[in-house]
Amino acid sequence: MATISLKSSQPLFDGLSQYWAGLVDAYKMHRDYTRTLNELKQLSKRELADLGMGHSTAEALAFEAVYTKK
């Protein structure tokens, strides 16, 4: 009869747990990027100009706001 030791499989569960946490974090960051980009795209040219940016820079600004740590 075969038995499975929980201790021997613990690294597998740790690895899966870390992998899942990474996927969840990536999903949350992408969701934040999409929300930020959509909000920037809803602004008028004048509103963007007041902020010193344009529609062409919206993607770069959304990416910077979400994916770069300061």
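The protein exposes about 6,100 Å² of surface, of which carbon and sulfur atoms supply 59%; accessible areas come from the Shrake-Rupley method with a 1.4 Å probe, and for residues only the protein chains shown count as cover. The model is predicted: local features need pLDDT of at least 70, side-chain atom pairs count only at pLDDT 80 or more, and totals for chains, interfaces and linings use all residues. Residues are numbered from 1 along each chain as its sequence is written, and side-chain values use heavy atoms, with hydrogens and water left out.

The secondary structure comprises three helices and zero strands, where helices (H or I, at least four residues) and strands (E, at least two) are DSSP runs numbered from the N terminus. The order of the elements from the N terminus is α-α-α. Of the 70 residues, 11% count as buried; buried means under 20% relative accessible area, exposed means over 50%, and partly exposed lies in between (1.4 Å probe, protein chains only). Of the contacts with a separation of 6 or more, 40% are accounted for by residues 24 or more positions apart, a contact being heavy atoms within 4.5 Å.

On helix α1 (residues 6-41) lies phenylalanine 13, which is partly exposed with a relative accessible area of 42%. Together, Leu12, Phe13 and Leu16 make a nonpolar surface patch of about 310 Å². Patches are made of residues with over 30% relative accessible area and no salt bridge, with like charges joined within 9 Å and nonpolar side chains (Val, Leu, Ile, Met, Phe, Trp, Tyr) within 5 Å. A salt bridge is a side-chain nitrogen of Lys or Arg within 4 Å of a carboxyl oxygen of Asp or Glu.

Attention now turns to helix α3. The buried residues of α3 are Ala58, Ala62 and Val66. They cover an arc of only 50 degrees around the axis, and therefore lie on the same side of α3; the arc is that of the directions from the helix axis to the C-beta atoms. Alanine 62 has a relative accessible area of 0%. Beyond its neighbours within four places in sequence, alanine 62 is in contact with Tyr33, Thr36, Leu37 and Leu40. Between alanine 62 and glutamate 39 the C-alpha to C-alpha distance is 9.4 Å, although they are 23 residues apart in sequence.

The aromatic rings provide a further view of the structure. Rings of Phe, Tyr and Trp (its six-membered ring) pair if their centres lie within 6.5 Å; planes under 30 degrees apart count as stacked, over 60 as edge-to-face and the rest as tilted. Tyrosine 33 and tyrosine 67 form a tilted pair, 6.1 Å centre to centre with 45 degrees between the planes. This pair links distant parts of the chain, with tyrosine 33 in helix α1 and tyrosine 67 in helix α3 (residues 58-67), 34 residues apart. Tyrosine 33 is buried at 16% relative accessibility, whereas tyrosine 67 is partly exposed at 29%. Phenylalanine 63 and tyrosine 67 also form a tilted pair, at 4.7 Å centre to centre and 35 degrees between the planes. Because they are four residues apart in helix α3, phenylalanine 63 and tyrosine 67 are separated by about one helical turn. Phenylalanine 63 is partly exposed, at 45% relative accessibility. Tyr33, Phe63 and Tyr67 form one aromatic cluster.
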